[in-house]
Amino acid sequence: MAADTETPLASVVMPTFRHARFIARAIESVCAQTLRSWELRIIDDASPDETREVVAPYLTDERIGYVALPRNVGLGAALNAGLAASRGRYVAYLPSDDVYYADHLTALVEALEAAADAVAAYAGVRHHYNRKAAGRIPGEPLQLVQTLHRATSLRWIERTELVTDDLDRMFWRRLAGHGRFVETGVVTCEWTDHPDQLHKTIREPLGGINRYRQRFGVPHPLRFHSSIGDRIDEVERYRRFRERPPTPPASDGLRILLVGELAYNPERVLALEELGHRLYGLWMRDPYWYNTVGPMPFGHVEDVPFEDWRAELRRIRPDVIYALLNWQAVPFARRVLEDNPGIPFVWHFKEGPFICREKGTWDALVDLYRGADGLAYSSAEMRDWFFTVLPELEARPTLVLDGDLPKRDWLDAPRSRRLSEDDGEIHTVVPGRPIGLHPPNVAELAAHGIHVHFYGDFTHGQWKGWIEEAGALAPHHLHLHAQADQPRWVEEFSRYDAGWLHAFASENGGELRRAIWDDLNCPARLATLAAAGLPVIQRDNRGSLVAAERLTRAHDVGVFFEDVEGLRAQLSDAAEMARLQDNMWSCREEFTFDRHAPRLVDLFREVMSGSRGRRAATRRTRHATGGLSS
């Protein structure tokens, strides 16, 4: 294992981002290696913390080099920068939150040099505090900290190509095409477990594209594929919006500050920009995987820096604050409300009051309803339910509007030929979780000749047991499909005869105080199915107050059933189904945000015209009990 004094035997590439509290331990573990012929290349991916100051004392060792990238470029590009700066015969990796044991590099080099046909060696690893794996960790790709390989011209996939937590896909799979991977069988390193690990930021549902984007401040659209999630191609999905010029401001255009998160159909807010209004965004921290936050991949929304948002408000002087949307954003929106310097404040809530009670944020939700100058409710039933909780809200400026409707642009594709026209059978679709459809129900549907097509790779992963049981009971009538995103809704879902909403039997008997979330909610899939012109299947809950049923009956686009035999009879009535399909196709714009954006602007103007809003804001500021940054 002798090495040239000029050329190190092993180059250790250490990517780092915001790990000032970890990195000294990692560097010290390299310095303690029994293998003496090494160099360390630290690639700082624009860390916003004091990483540079922590690293500085180690740079007196000429074996250690430090490269500070001018902007954050992601793991793959940082690793490639490290490879470009490396001179060693072999390359090892040490993320700055992980650690080597003293004999780690020695064991890896010995294993690799003992196998002439090997291209890489990997060690056993301690993980999740005290668990050990002699080789690969079950369910995980080979970790960077475990691995050493021969120097190569191959490079890691970079963020501009794909964001993923699958290291096999990023590099190992291509490297394996050049030789064997051998293992030492000895645990000589640790993959440190903590909440801020990169794979947890990427992997749904722990992280996801929105948490990743916020953590690294990514300003451009991404191609993203978590190892257990759906593939997301924002580059193509949002190209039509991103590449068009900004809409000229209207003479009476508003400056609208969006606060919180934008959920599943974030591009809907561009309907406001297309009316000549300016949009700004102040986003909640650490969003859930489905809570969309900025920077917006479709453009036309200017981010307000979280760290200095009050000063930015003085600069942009918004006319109205539009706070939204789901339960996760409630604490954040309440803190903005408390620190609001007198700007009219509209609160738009989608879901769900019952979760706020469960999670302990009910007080914050009530404060939002009491303190907002205007209120938008996702359904009339939800509005009336809140009136039973806070009767004083009846006097407040109010709008009923589903806060997460899609944009009209996704309707511009022609319908596909229905599967039933080719095989004469009935085909229904579930675009998401099969709520209320239990495996025995799928078997009963199959017995009546009704197929169920279930969409969503990530959802399939969450419903593995359901799929196994339902597939065993109805092997020829349950069909699994990959996720279909907005640009493919019309083409993909118009192949079916009807689509499933949540199937549940309401028990409220017409009394709102008995209502549960299923009663108050208009599921997001309603607009998805409407885009494709599909009638929606739901249980017949006449006699109860059910938001989705009221809406679909009003537009005459529902298939309501009490039992499967009756459902089969309805779905087999070709003339009636054609009528319902035509009804839904003709009214589908009612299920887009563009259609209702002018009404939302009317609410903003109503709130702005009232002096009560500013008096309330002044009162809130005077009694505020903490700031946004607390």
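I first looked up P205, and I found this proline in the loop between helix 6 (198-202) and helix 7 (209-216), where helices are DSSP runs of H or I of at least four residues and strands are DSSP runs of E of at least two, numbered from the N terminus. The peptide bond that leads from E204 into P205 is cis, with omega near 0°. I note that this is a predicted model, in which local features need pLDDT of at least 70 and side-chain atom pairs count only at pLDDT 80 or more, while totals for chains, interfaces and linings use all residues. Residues are numbered from 1 along each chain as its sequence is written, and side-chain values use heavy atoms, with hydrogens and water left out.

I then turned to the loop between strand 13 (278-283) and strand 14 (302-303), where P295 lies. The bond from G294 to P295 is also a cis peptide bond, with omega near 0°. H300 is found in the loop between strand 13 and strand 14 as well, and its phi is near 70°, a positive value in a residue other than glycine. For A263, in the loop between strand 12 (255-260) and helix 10 (270-273), I noted a positive phi near 60°. I recorded these entries because most residues other than glycine have a negative phi, and most peptide bonds are trans. A263 is buried, with a relative accessible area of 1%; buried means under 20% relative accessible area, exposed over 50%, and partly exposed in between, with a 1.4 Å probe and protein chains only.

Next I asked how many salt bridges there are, and the count comes to 52, taking a salt bridge as a side-chain nitrogen of Lys or Arg within 4 Å of a carboxyl oxygen of Asp or Glu. I looked at E50 and R21, whose side chains meet in a salt bridge at 2.3 Å, N to O. This pair links distant parts of the chain, with E50 in the loop between strand 2 (38-44) and helix 2 (51-55) and R21 in the loop between strand 1 and helix 1 (23-31), 29 residues apart. E50 counts as partly exposed at 32% relative accessibility, whereas R21 counts as exposed at 69%.

I also checked D402, which forms a salt bridge with K350, the closest N and O atoms being 3.0 Å apart. D402 lies in the loop between strand 18 (398-400) and helix 16 (420-423) and K350 in the loop between strand 16 (345-349) and helix 13 (353-359), so the pair ties together parts that are 52 residues apart in sequence. I found that both D402 and K350 are buried. In a further entry I have R244, E273, E274, K407, D409 and D594, joined into one network by salt bridges that share partners.
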